[in-house]
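Open the model in your viewer and keep the sequence panel beside it. Each stop below gives a selection and then says what is there.

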Amino acid sequence: MVDSGGLWTPPEDELGEALQTAQVLIEEGRADEAGPYQQRVIELARERAEGHPNHYEAKHLMAATQYELAGSLNASGRHEEALAALHEAQLGYTELQDAGVLDATCFLADVRARRAMTQAHRGHGATAVLEMDGAVIAYGQLVGGEDGLKHQPDFARVLAMNALILRRYGDPALAVASADAATQLFLQLADQINESPQSLSYARYLCTATAVSADVHAAEGRLDLALEADEIGLTTADTLADSDSATDMRTLVAALVRKGKHLGIVGRLEGEACLRTAYDTDAETAARVVEELDRGLPLTLVAALENAEIKLGPFEQYHRLVALSEPAPGMTLATVSGRTDPESAAQRATELAELVKPLLSQDGNAALTLGLEAHYLFAISSERESHRMRFQTATYVPIWAQLLLDVSEAYFQAGRTDIALDLGGWCAEVATALIPYADDNELMKELAGACYRHHGNLLAATGDLTASYHAHEAAEQLQLGR
């Protein structure tokens, strides 16, 4: 959402008109049409800032509009360009914060959240989960601060986004916790949100949250909770559909399908009427949602551990790992980082990683679930600069690198190239941390080289031959000791 932050007010000229037009299109659910107006705002603001290094108002407007432009580019399917726009927004906000003219904490969190959604659109789900985790943690700290009340609507928004990503690439138990928290917060703040100029946008995120809640509760057999979420989502979507936005109409159709399917499960005939209305309104969207619901959800962490124990036999770390399904002290379990503290995260990740390779040949779904969860814990421990990841690198990083190599290859063999490439990129990045140990340790050298080659192979498979060449060249140089 475009912010003012107190640094600027919309001017009454071409720049102001372009900005207003873009905002109206976004509020109407037509973000894909807003891009040209946002590009013009950025051009005009840049002209005003040229030669004026302290023109912070123009720089703030550029950063805010780059953030909004990323949303419009995503709506048009131009995700690489969206990532570039978000990079520019991050640089702009960081410059303003470093200059002491703006507390950019919430804006940088928003950039991270939108980057997470962009990565999810690209199929890079592992990166999306971790980016969104950081955004949720940042907003959680903001709502606990002096100005916490004003940040609550956007905390709910980020929780809804987090739920959507976790539903697809994480633990459904975390997803529903995040979705339920978002829904509850949106409902508590209804009066405040309805008076907001972004009320329609918040309503769309409420529909996102209720959809995830309904999906997971229904899958777990909690049909009463699923139908409660369905009712909230359908009522909200019905109101949004008055906007004449095709996106909002698709949201309404999706809500009708969910309610229809869930009513059918409990044997209520009105479910058929919901489904019939959905298909009559937009058969393509209705069929897509039915397919998504029939496909089901990923395994929860607990279910994957239970499967691992069945296939591999009892293992000593089982109860420690199951305990990750409960929030760590002082945490609310709606994010991966809420599972445990950064120091313990590396240990638990190692214990999860030990299960992945032997499980891959016996239960691929459970192995991949445990592999992703291990990766998330390693990454969080590394980002939080835990003692173990900083000073015991030679112990933990090789385990992380091998895990990524195995899981990325397994996803590639399963035909899921996007997430395989995502994890392959992480694999190459983690391998870089092994290089200081490669001269004295042939196993470290071989592992790092294997990571680079694997990433290069994935890049070639997806058509990026230049980047593939550089990855293979890095592996060769490492082998030659250069």
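The tour runs from the whole chain to single residues.

**Before you start**

This is a predicted model, where local features need pLDDT of at least 70, side-chain atom pairs count only at pLDDT 80 or more, and totals for chains, interfaces and linings use all residues. Residues are numbered from 1 along each chain as its sequence is written, and side-chain values use heavy atoms, with hydrogens and water left out.

**Stop 1: the whole protein**

Show the cartoon. The protein has 24 helices and zero strands. Both are DSSP runs numbered from the N terminus: helices are H or I with at least four residues, strands are E with at least two. The C-alpha trace spans about 70 × 65 × 45 Å along its principal axes. The radius of gyration is 23 Å, which agrees with the value near 23 Å for a compact globule of 482 residues. That radius is taken over C-alpha atoms, and the globule rule is 2.2 Å times the number of residues to the power 0.38.

Now colour by burial. Of the 482 residues, 54% count as buried. Buried means under 20% relative accessible area, exposed over 50%, and partly exposed in between, with a 1.4 Å probe and protein chains only.

**Stop 2: helix α17**

Select residues 342-360. Helix α17 has 19 residues and reaches 27 Å from its first C-alpha to its last, close to the 27 Å expected at 1.5 Å a residue. The expected span is 1.5 Å times one less than the number of residues. Its N-terminal end is capped by Asp-341, with a side-chain oxygen 3.1 Å from the backbone nitrogen of Glu-343.

The buried residues of α17, including Arg-348, Glu-351 and Leu-352, pack against α15 (301-312), α16 (318-322), α18 (364-383), α19 (387-391) and α20 (393-413).

**Stop 3: Leu-352 and the core**

Which residues have the most contacts inside the largest nonpolar core? They are Tyr-93, Met-132, Leu-305, Leu-352 and Leu-370, in a core of 119 residues. α18 gives the most to this core, with eleven residues. A nonpolar core is a set of buried Ala, Val, Leu, Ile, Met, Phe, Trp, Tyr and Cys residues joined through side-chain atoms within 4.5 Å.

Centre on Leu-352. Beyond its neighbours within four places in sequence, Leu-352 is in contact (heavy atoms within 4.5 Å) with Leu-301, Leu-305, Leu-321, Leu-324, Leu-370, Glu-373, Ala-374 and Leu-377.

**Stop 4: Ser-381**

Move to α18, where Ser-381 is found. Is Ser-381 buried or exposed? Ser-381 is buried, because its relative accessible area is 0%. Its side chain reaches the backbone oxygen of Pro-342 at 2.8 Å. The side chain also makes a polar contact with the side chain of Ser-386, at 2.7 Å. A polar contact is a pair of N or O atoms within 3.5 Å; within protein, one must be able to donate a hydrogen and the other to accept it, and residues adjacent in sequence count only if both atoms are side-chain atoms.

**Stop 5**

Select residues 223-240, helix α11, with 18 residues. Its buried residues include Leu-223, Asp-230 and Leu-240. Their cover includes α10 (199-219) and α12 (246-265).

Finish on Arg-204, in helix α10. Arg-204 is buried, with a relative accessible area of 17%. Among its contacts beyond four places in sequence are Ile-26, Glu-28, Leu-240 and Asp-248.
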